[in-house]
Amino acid sequence: MSKYLLEVGVEELPYKFIPMAISQLESGFKSFLESNNVNYANIRVMATPRRLAVMIEGLGNSQPDVEKVVKGPISTVAYDENKNLTPAGLGFAKKNNIEPTALFEENNYVYAKISIKGKYTKDLLQENVPLIFSKLQGPHFMRWGENDVKFSRPIRWVLSILDGEQVPVKIIDKESSNITNGHRFSEQNIVIKHPDEYVEKLRKAHVIVDQNERRAKILDITAKEADKLNAKTKISEDLLEEVTFIVEYPVAVVCNFDEEFLTIPQEVAVTVMETHQRYFALYEKESGKLINKFITITNYIGNEFENIRNGNLRVIKARLDDAVFFFNEDTKKPLESYVENLKGMTFQKGMGSVYDKTQRIIKLAERINPSQTVKRTAELCKADLATNLVFEFTELQGFIGADYARVSGEKSEVCEGIKEHYFPLNAESETAKTPEGQAVGIADKIDTICAVFAAGKKPTGSSDPLGVRRAALGIIKTILEHDIKLDLSKLIDETLALLPVKADVKADIEEFFVQRLIIFLSDNYKKELLEACSVKNPCHDLCDYLARVKVLSGMLDEKLVENANRVLRIFKDEVNTAVNPSLFSFEAEKILHSEIGKVDFDGDYNKYLKALININPAVTKFFDDVLVMDNDEKIKNNRLALLNELKNKYIMLTDFSKISV
């Protein structure tokens, strides 16, 4: 088995493109090898800002030889009356490169059995590697030099070797060799004689080419530096990925900033460090308070860090000076005074200003939770959008509002609610914990969703105006995690009524919510069960829906499903007739009627499901003993009415016809 190595050296790649390239290269080589029936053990894609590398292990030397039977002309055309081959028959043999005597007849046709020699893997790589690379896609691709082909950045070298032998390929305008380059300030023109040398030779040249190893090293050296200061880090996955893909040889450097900057809201300082400068903020281990030190990961070779520290200090001081200035200017007046400025900020075309949206949020939030703190939170929830600091640091909306509300003397519940009403910030983050954050957050999000749908801009596969998918998921998570009893369907009606543009889109919005709900829960529950339980509109009570799903996923009885489906199949139209016990002529009817009466919902779906399972024998006996479609119309309708009562008991839980056991 062989090992192949491809490395494409480039000028510094945008970090967001690198994970995309890794995924595309892995799938591209996998598809190429499998479609060509070439054996391989493993495909490993490695990447840094200056190189994309593919290592394929356990590679077969060639495609397997294939025997193939080829159908030729009809026998009467291939042979003359004397059974000699005609020109057509001879031509068929020549075309397939076999002796005429090797042809054979079957079902009045002539066939040739041919052997196709498998191509050598080296030849296949030469043909396909440039094609795989040319199919890479990403944002902001460009042309350079006289090339017509676009790529993210100019290519500077290509290395291509199979075991100890070069495999000549040309990618855009660069011919391959067996030479690579180390870190920009380390060894260059490194000869790779075999793929096994590659990772270690680059490591010696100050390049950790494997992104997973590089990521682990960043975490390790950061933790060690933090420990020396009795501190800790809180590194997000997004920041860690970005830093991993902007360095080839990570070195941690501890820097500091003036303690006076700790007087501004912590979120501001952290955002300056992490979002704007890609630094790792440091916190006291015990208290969790931000300290005036941070760690920067440099792509540096050497031991002299003073210039690095001074340079980073100058940059962060300038950014934090701006933040202090904006903070001091903004807090000269109370947060409430900024609400009026929202009138000059457009929410979205046709849906009024952010001030108008705020007034709708106030009304909706009060309907969800009519407390004074909820109302006050709603009144101030968007005020910070008109401040200088949020204009500079947009991602801190809500966090800044909460701090400004504290400075303005607002109640702590209001301050926390202003911050939390944006929660969850993403699919993994926490939901609002306070009643104020929950009520105002749901009101804000439902207004956005309804406004987008009413404007005719509902999300598509490639478009999600104002993040309505995230907004819907935020509402769903908030309601389910905190067991909030809320009729979302009624809230949609009320929201649509408040909008300046009227549109008949309620059904679309409800369907959108149901689909988001099913997708959200499908990791833990079967999709068919989730869809079956939506027979009762989940939007009326999301918590009730989840309760039914949970019960049925853990205690589903095969006989119950069979009986429920038998009952459901009988009904095509609604039955409104009341049951008349005097028309019962079989004991099984009386028993079933009595047992149905015992099935009652008291808020506990576990008990309710057990009660339905307990009446299985009565249902089975009824169908064994009783003919529902009696010739007597009154008796038939009475039996249908009895089964209709049973059907209503079943569908209170789910649509059993959509469930398989």
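Student: Which residue follows helix 8, and what is its phi?

Tutor: That's R278, with a positive phi near 60°. Helices here are DSSP runs of H or I with at least four residues, strands are runs of E with at least two, and both are numbered from the N terminus. Bear in mind that this is a predicted model, where local features need pLDDT of at least 70, side-chain atom pairs count only at pLDDT 80 or more, and totals for chains, interfaces and linings use all residues. Residues are numbered from 1 along each chain as its sequence is written, and side-chain values use heavy atoms, leaving out hydrogens and water.

Student: Which residues of helix 8 are buried?

Tutor: Buried means under 20% relative accessible area, exposed means over 50%, and partly exposed is in between, using a 1.4 Å probe and protein chains only. In helix 8, residues 266-276, the buried ones are V268, A269, V270, T271, V272, M273 and E274.

Student: What covers the buried residues of helix 8?

Tutor: Think in contacts, meaning heavy atoms within 4.5 Å. The cover includes helix 7 (237-244) and helix 9 (306-330), along with strand 15 (280-284) and strand 16 (290-298). Helix 12 (388-392) and helix 13 (399-407) are also part of that cover.

Student: Back to phi. Where is N37, and what is its phi?

Tutor: N37 sits in the loop between helix 1 (17-35) and strand 2 (42-48). Its phi is positive, about 60°, although N37 is not a glycine. At 46% relative accessibility, N37 counts as partly exposed.

Student: And what is the phi of D483?

Tutor: Near 50°, a positive value in a residue other than glycine. You'll find D483 in the loop between helix 16 (468-481) and helix 17 (488-498). With a relative accessible area of 48%, D483 is partly exposed.

Student: Is the peptide bond from F423 to P424 cis or trans?

Tutor: Look at omega: it is near -5°, and the bond is cis. P424 lies in the loop between helix 14 (412-420) and helix 15 (435-454).

Student: How many helices and strands does the chain have?

Tutor: The secondary structure comes to 25 helices and 16 strands. Buried residues make up 49% of the 661.
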